Amino acid sequence: RMEAAEFLSDTKKPTYRRFVLSNGNKSGDGDSAVLGGFNRRNDYKSGAKGPRFIHRYIADVFSSLFLPKGYPDSVTEDYLEYQAWDTIQALCSYLRGVLATKAWFEGVGVGRKDASAAGATLQWILKDGCGMVGSLVFASTCGRKFDANVKAWRLFADLINNVGLFLDMLAPLAGRYFLFVVCCATVCKAMCGVAAGATKAALTGHFALRNNAADVQAKESSQETFVTLLGLVAGSLLASSTHDTMIFAWMWFIGLTIVHVFANYNGVRALLIPTLNETRLELVFERFISAATAPDEADVGVRAISKIEPLFTPLLDSIHYYRRNINIGVSWEECITSKEEWKWMRELYTRYKGEKYLLNLSSQGGPREHGGGSGSSAVVNVVVFKDAKAEDIYRAYFQALILLRSCKKNEKVIFSRVQVETSYKAMTKTFASFQKCVRDSGWDMKTCLIGGKYIYEFHLSES
């Protein structure tokens, strides 16, 4: 039975409350055995004044306004560092928005006698319409990629916003192309809104440790409001200081952009997301494999991988500039292109029954069998079954990584069907230890952010 005892010091001095937990068992001197306790100073009721009291009072007010209840235990360890950098970049964005808005008003002719309110209104409607269409198209094409690559798309959101603000600043100099430049700027900012909103939702779920996502989001809104208030004051001073001189406006804009990019990059780099996407899984795999020859390289912890994780690779993959050699969730037509391969896949399915995937090996730039020239590269296509779980996807990707390593020899692709079977045996032998190593390092293996467009319900038939 747990008991709590409270002890109060002299009430004329700052009050201390000591909370002690005991197990109710009497020790040799007749007192309960103390399990532990803590002291809490109650300066407010005692009326104590001084630097410590003021510091504590300000800290409590700041915490209640801007930090989730229960901080720091209620959020992840990367929360405060990310929010600090995010506040800096948000303030820079607001100030540059003031300069861009001032440039837009100058472009539509505010202050000129020949300008009309109807013309400015029409241009405003057109640019807003372009932004809405752009956001719809962007969300439909990239929406499913946001969860897997939160860091990359968070970085993209602010970079594309920089492009939009730059075009806004450039618009007054575009002459008759003013409306076209402004519409392009609005599309860029609309893309930023979609990406930023999606990644903010994902990051809120990441930060919240005690089912307190609503509280985390509310405090995020409070931080944004505070930044906006600062921006109102600083922005009014900035707008008045630049007057009608474009050179000063551009100097401020470029300087704020540099600070914004620096803060945004450091904020994204500070994130410690414990879920595995393709990029992080490949880094973990390489370090795990290298442990056989270099044990000191086997640090596969979340912090270690986050430091070396490339942030732009997922963006290049999204625009097909960078092509991965492993395709998870492809269609049957992409995986199997001939009757001979279909017969072989049927044989694999019967041999490895119980797996929730099938994979096949092809070459990009060369023939499928026995190695293309120096320009060819191996590509693994994986068909995922309907009842596949997160562990099945990780098994498939792990086998695909083993298979790709075995295909590379003297900068040429040399592979055969035997290597597919050999990679499966290697996967079944080492995956359990890999899974244990990854879980012990703090990664969440229950959540899978790897997957493609197609999922099949597979049935084996004689035809």
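**Close-up views of a predicted model**

**View 1. Helices α6 and α7 meet through a handful of side-by-side residues.** In this predicted model, Lys200, Thr204 and Phe207 of α6 are in contact with Ala213, Val216, Gln217, Glu220 and Glu224 of α7.

**View 2. The crossing of α6 and α7 is right-handed.** Two packed helices are described by the angle between their axes and the distance between the axes. Here helix α6 (residues 178-207) and helix α7 (residues 213-242) have axes that come within 9 Å and cross at roughly 120°. The two helices are therefore oblique to each other.

**View 3. Phe138 and Trp153 form an edge-to-face pair.** Welcome to one of the 18 aromatic pairs that the structure holds. The ring centres of Phe138 and Trp153 are 5.9 Å apart and the planes stand at 65°, so the pair is edge-to-face. Phe138 belongs to helix α4 (residues 117-142) and Trp153 to helix α5 (residues 150-170), so the pair ties together parts that are 15 residues apart in sequence. Phe138 counts as buried, with 7% relative accessibility, and Trp153 counts as buried too, at 3%.

**View 4. Phe431 and Phe434 form a tilted pair.** With ring centres 6.3 Å apart and planes at 40°, Phe431 and Phe434 make a pair that is tilted. Both residues sit in helix α15 (residues 417-440), 3 residues apart, which is about one turn of the helix. Phe431 and Phe434 are both buried.

**View 5. Ring pairs build a cluster of Phe residues.** Look here for Phe285, Phe288, Phe398, Phe431 and Phe434, linked into a cluster by ring pairs.

Definitions and conventions: Residues are numbered from 1 along each chain as its sequence is written. This is a predicted model: local features need pLDDT of at least 70, side-chain atom pairs count only at pLDDT 80 or more; totals for chains, interfaces and linings use all residues. Side-chain values use heavy atoms; hydrogens and water are left out. Axes are lines fitted to C-alpha atoms, for helices over the stretch in contact, and angles run from 0 to 180 degrees between N-to-C directions. Helices (H or I, at least four residues) and strands (E, at least two) are DSSP runs, numbered from the N terminus. Angles under 35 degrees count as roughly parallel, over 145 as roughly antiparallel, 65 to 115 as roughly perpendicular and the rest as oblique. A crossing is left-handed if the near helix is turned anticlockwise from the far one by less than a right angle, and right-handed if clockwise. Contact means heavy atoms within 4.5 Å. Rings of Phe, Tyr and Trp (its six-membered ring) pair if their centres lie within 6.5 Å; planes under 30 degrees apart count as stacked, over 60 as edge-to-face and the rest as tilted. Buried means under 20% relative accessible area, exposed over 50%, partly exposed in between (1.4 Å probe, protein chains only).
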